[in-house]
Amino acid sequence: MIRDINQFEKNQYDLLVIGGGINGASIANLSARAGIKTALLEKGDFASGTSSKSTKLIHGGLRYLENLEVDLVYESLKERKVQLAVAPHLVQPLEFLIPVYQGDRRPLWMMWLGVFLYDLIAGPYRIKRHKALNATEVLRLEPGLQRKGLKGGVVYYDAQMDDARLCLENVLAASEAGAHVTNYAEVKEYLKENGRVIGVKVQDHIGNRNFEVHAKKVVVAGGPWTHKLLKLDDLRAPKKVRTTQGIHIVYKDKLSERALFIPSQSDKRIFFVIPWLGHSLIGTTDTDYLGDPDRVKVSPDDVEYLMRETRRVFPELDMSPRKILSTFSGLRPLVRKGGSASKVSRKHLFYETPSGLIFVVGGKYTTYRVVAESCLKKIFKRKTWPFALCDRGKPPGSVDDVARSFNLEPETVHSLFGIYGGRVQDVLVMIAKEPRLKEKVSFDPPVIKAQLLYAVQKEMACTVEDITDRRLSLGYLGPVPESVLAAIRDVLPQT
Ligand SMILES: Cc1cc2nc3c(=O)[nH]c(=O)nc-3n(C[C@H](O)[C@H](O)[C@H](O)COP(=O)(O)OP(=O)(O)OC[C@H]3O[C@@H](n4cnc5c(N)ncnc54)[C@H](O)[C@@H]3O)c2cc1C
């Protein structure tokens with residue numbers, strides 16, 4: 001995937017997609033696969049918006065059952081099965097435990113009923129059957145949990161994913177299917193003829209120049225930037241999106257062996273403690289955000305809330321702010337509706353402006369393929385939209401075989417398989433041609449030089465953060481060592 005701005009000026013597209021988060025990336029992927037001449041423009045890096053700031057679950061959403069959103073839960077559980085199949089290196093089953101305490105707002109029978117219904121709704125898409133546990137069984141699974149008042153618990157199954165890379169896989173797949181895609185290209189203005197949008201004016205943030213893209217149809221998948229993009233069309237445009245902020249903490253210790261779904265005590269929310277990258281991902285919060293989406297920050301109060309609630313569940317652990325490796329904050333672009341933030345539906349809708357722009361509004365990561373399909377159905381009146389991600393088949397052999405053939409450490413190969421799936425073959429070809437690329441730039445997690453070059457040459461990484469935060473997950477594990485940063489700067493083109 002090569003960054004080539006000139007190609008956009010030479011072409012007239014059937015479809016232009018604005019926004020390279022998961023929704024825009026998958027619309028471009030499905031569209032290009034159907035032979036539609038497609039362009040995708042992203043103002044930052046792919047997935048640099050909400051699509052790299054999620055809780056990283058491909059899930060039905062047990063808590064949406066409380067809002068009686070059975071159709072959303074069913075659709076998501078069905079999609080979970082699709083995603084587990086198409087990207088097994090990035091989406092994997094995950095066991096969840098819900099410990100229930102005396103006085104909890106949701107008693108044990110309710111939690112049991114919840115997971116029972118969840119499995120029932122999943123039907124053939126179920127991962128594994130839920131289990132009801134007494135207090136002793138809960139503690140056997142997670143001995144660090146608070147014992148006082150523990151009534152029992154339930155175990156159920158969902159899936160965990162790498163959000164930034166799954167989005168990138170969609171962009172790569174779109175590009176392989178013929179779409180012209182680029183990051184760091186910000187739409188600044190819509191071009192109109194007789195009041196209808198016929199293209200856009202774009203600023204290239206890498207080459208520092210402006211260019212135009214012409215298209216018959218323009219879809220905007222701008223996530224939290226939706227209102228800004230609506231106002232570019234009409235200054236008086238009504239708000240369509242309600243943005244709520246959610247933060248996460250990456251905590252050094254792996255607090256549990258499985259994901260924990262925990263009802264918070266200070267409010268009615270639930271939060272997760274999830275094993276992630278050998279550490280714990282703790283989140284999230286859900287509060288209205290009215291500011292500029294480019295300036296969203298993690299507030300110390302939100303961090304304190306998550307630490308306090310986690311401490312309550314693990315009273316014997318010495319939880320210290322010094323063990324926070326990183327924090328990140330994302331904005332949910334929800335369909336605009338009043339009431340409590342966590343009660344707002346995660347369903348999506350499309351809004352068409354009088355000028356012919358189609359805006360994708362709302363949704364959740366899990367259902368991205370469905371969003372893309374229904375968006376394209378709306379525009380092109382075609383019934384079937386085949387979906388696939390980059391298909392290089394499976395990795396060429398077992399971890400041990402590949403380690404032996406390429407003289408790599410098994411843990412490095414294991415990590416390569418997890419990041420690239422079948423595309424690991426491309427990285428191995430680079431190593432075969434240039435054995436010096438096997439050199440490790442990081443030991444924990446293992447990263448070799450070839451990965452940095454691959455990110456730049458094949459995955460359109462343009463900045464240090466593109467590599468540390470979205471091609472690899474190094475940026476979440478505390479400050480990235482200077483030696484790694486220097487190795488990254490070495491492979492980035494000089495601007
Ligand atoms: C805290 C949190 C946790 C979540 N957890 C989960 C979860 O576990 N599972 C789940 O299914 N869902 C989850 N979600 C929801 C999910 O992450 C989002 O629904 C999804 O990522 C939205 O994708 P998007 O493509 O619509 O938006 P985004 O990813 O934000 O993409 C929009 C893109 O548009 C680009 N853009 C904006 N303006 C312009 C412009 N002028 N020109 C070009 N490009 C532009 C932006 O840079 C951005 O990359 C979570 C959300 C949050 C906030």
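Student: Why is β11 called mostly covered?
Tutor: Buried means under 20% relative accessible area, exposed over 50%, and partly exposed in between (1.4 Å probe, protein chains only). Eleven of the eleven residues of β11 are buried. So the strand counts as mostly covered. This is a predicted model: local features need pLDDT of at least 70, side-chain atom pairs count only at pLDDT 80 or more, and totals for chains, interfaces and linings use all residues. Residues are numbered from 1 along each chain as its sequence is written, and side-chain values use heavy atoms, with hydrogens and water left out.

Student: How do you know that both faces of β11 are covered?
Tutor: In a regular strand the side chains alternate between the two faces of the sheet. On one side of β11, V241, T243, Q245, I247, I249 and Y251 are buried. On the other, R242, T244, G246, H248 and V250 are buried too.

Student: What makes β11 and β16 a pair?
Tutor: Two strands pair if DSSP finds at least two bridges between them. Strands here are DSSP runs of E, at least two residues long; helices are runs of H or I, at least four, and both are numbered from the N terminus. β11 (241-251) and β16 (324-335) have eleven bridges, in the antiparallel sense. Eleven meets the cut-off, so they pair. H248 has F328 as its bridge partner in β16.

Student: How do you know that β11 pairs with β15?
Tutor: Two bridges join these antiparallel strands. The rule asks for at least two, so β15 (residues 287-288) qualifies. Q245 stands opposite T287 there. With β14 (residues 279-283), β11 has four bridges, again antiparallel. H248 stands opposite G283 in β14.

Student: Why is T55 called buried?
Tutor: Its relative accessible area is 13%, under the 20% limit, so T55 is buried. T55 sits in the loop between β2 (38-41) and β3 (57-58).

Student: What makes the T55 and H248 side chains a polar contact?
Tutor: A polar contact is a pair of N or O atoms within 3.5 Å; within protein, one must be able to donate a hydrogen and the other to accept it, and residues adjacent in sequence count only if both atoms are side-chain atoms. The T55 and H248 side chains are in such a contact at 2.9 Å.

Student: Which residues come nearest to the ligand?
Tutor: N23, E42, S51, L57 and T366, out of 36 around it. A residue is near if one of its heavy atoms lies within 4 Å. A ligand oxygen is 2.9 Å from an N or O atom in the N23 side chain. A ligand nitrogen is 2.7 Å from a polar backbone atom of L57. The protein buries 96% of the 1000 Å² that the ligand exposes when taken alone.

Student: What makes the group with W109 and M110 a nonpolar patch?
Tutor: Patch residues have over 30% relative accessible area and no salt bridge; like charges are joined within 9 Å, nonpolar side chains (Val, Leu, Ile, Met, Phe, Trp, Tyr) within 5 Å. A salt bridge is a side-chain nitrogen of Lys or Arg within 4 Å of a carboxyl oxygen of Asp or Glu. W109, M110, W112, L113, F116, L117 and L120 form the patch, with about 660 Å² of accessible area together. Areas come from the Shrake-Rupley method with a 1.4 Å probe; for residues, only the protein chains shown count as cover.
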